[in-house]
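Hi everyone, thanks for coming. Let me put the structure up, and then I'll walk you through what I found in it.

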Amino acid sequence: MNPHVKSVRALDNYELDVSFDNGEARRFDMKPYLDRGVFVRLRDRDAFSAVRVVAGSVEWANGLDLSYDTLYVEGRPTSAIGQAEQSDPADAR
C-alpha cells in the first residue's frame with residue numbers, strides 16, 4: 001500500500017507539490033488531466049488552487065479527487081526534480 005497524502009500545495013504551472021506520511025515529497029503534473037471529463041473544471045486557476053487533503057488523498061470542490069496511489073505512483077520525487085533543475089545542459093556535451 002502506498003503512503004497517504006499529508007499536505008498538498010497547488011503550483012502556478014498546474015502541478016501539485018505533495019508530501020506523504022512516509023516523509024517523501026513528489027510533484028504531480030495535472031496538465032494531462034485537464035482535458036479529461038470532470039477535470040476540465042480545474043483549468044480555472046482559482047478552482048485548481050483550492051485543492052486540499054481529505055482522507056489521505058487530495059480533493060477539490062464538488063468531490064473531485066485523485067487517489068493517493070495515483071499521486072504517489074505517477075508523481076516525480078522532488079529530489080529528482082531538484083537535481084534536474086540544477087544540472088547544467090553544458091555538462092551533457
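This is a predicted model: local features need pLDDT of at least 70, side-chain atom pairs count only at pLDDT 80 or more; totals for chains, interfaces and linings use all residues.

Let's start at Ala 55: is that residue buried or exposed? Ala 55 counts as exposed, because its relative accessibility is 72%, and the cut-off for exposed is over 50%. Ala 55 sits in the loop between β4, residues 52-54, and β5, residues 57-59. As a reminder, most residues other than glycine have a negative phi.

There is another residue of that kind. Tyr 14 is not a glycine either, and its phi is near 60°, again a positive value. You'll find Tyr 14 in the loop between β1 and β2. Is Tyr 14 buried or exposed? Tyr 14 counts as buried, because its relative accessibility is 13% and buried means under 20%. So we have Ala 55, which is exposed at 72%, and Tyr 14, which is buried at 13%.

Three strands, in the order β4-β5-β6, form an open sheet with antiparallel pairing. In that sheet β4 and β6, residues 65-66, stand at the edges with a single partner strand each, so one side of each has no neighbour in the sheet. Between β5 and β6 there are two bridges, in the antiparallel sense. If you want to find that pairing on the screen, look for Val 58, which stands opposite Leu 66 in β6.

On to the other sheet.

Next, β2 and β3, residues 25-29, run antiparallel and are joined by five bridges. Glu 15 has Asp 29 in β3 as its bridge partner. The hairpin of β2 and β3 has four residues between the strands, and in that hairpin Gly 23 takes a positive phi near 95°. Finally, β3 and β7 run antiparallel with two bridges between them, and Arg 26 has Pro 77 in β7 as its bridge partner.

Arg 26 has something else to show us. Its charged end sits over the ring of Tyr 72, 3.8 Å from the ring centre. Arg 36 does something along those lines with Tyr 33: the charged end of Arg 36 sits over that ring, 4.9 Å from its centre.

That brings us to the aromatics. How many aromatic pairs does the structure hold? There are five. One of them is Tyr 33 with Phe 39, an edge-to-face pair at 5.7 Å centre to centre, with 75° between the planes. Tyr 33 counts as buried at 11% relative accessibility, and Phe 39 counts as buried at 13%. Another pair is Phe 48 with Trp 60, which is stacked, at 6.2 Å centre to centre and 25° between the planes. Phe 48 lies in helix α1, residues 45-49, and Trp 60 in the loop between β5 and β6, so this pair ties together parts that are 12 residues apart in sequence. Both Phe 48 and Trp 60 are buried. And here Tyr 14 comes back: together with Phe 48 and Trp 60, Tyr 14 forms one aromatic cluster.

The chain has three helices and seven strands, and along the sequence they follow the pattern β-β-β-α-β-β-β-α-β-α. Of its 93 residues, 34% count as buried. Among contacts in the chain with a separation of 6 or more, 48% come from residues 24 or more positions apart. The accessible surface of the chain comes to about 5800 Å², with 47% belonging to carbon and sulfur atoms.

Definitions and conventions:
Residues are numbered from 1 along each chain as its sequence is written. Side-chain values use heavy atoms; hydrogens and water are left out. Two strands pair if DSSP finds at least two bridges between them. Buried means under 20% relative accessible area, exposed over 50%, partly exposed in between (1.4 Å probe, protein chains only). Rings of Phe, Tyr and Trp (its six-membered ring) pair if their centres lie within 6.5 Å; planes under 30 degrees apart count as stacked, over 60 as edge-to-face and the rest as tilted. A charge sits over a ring if NZ of Lys or CZ of Arg is within 6 Å of the ring centre and within 35 degrees of the ring normal. Contact means heavy atoms within 4.5 Å. Accessible areas come from the Shrake-Rupley method with a 1.4 Å probe; for residues, only the protein chains shown count as cover.
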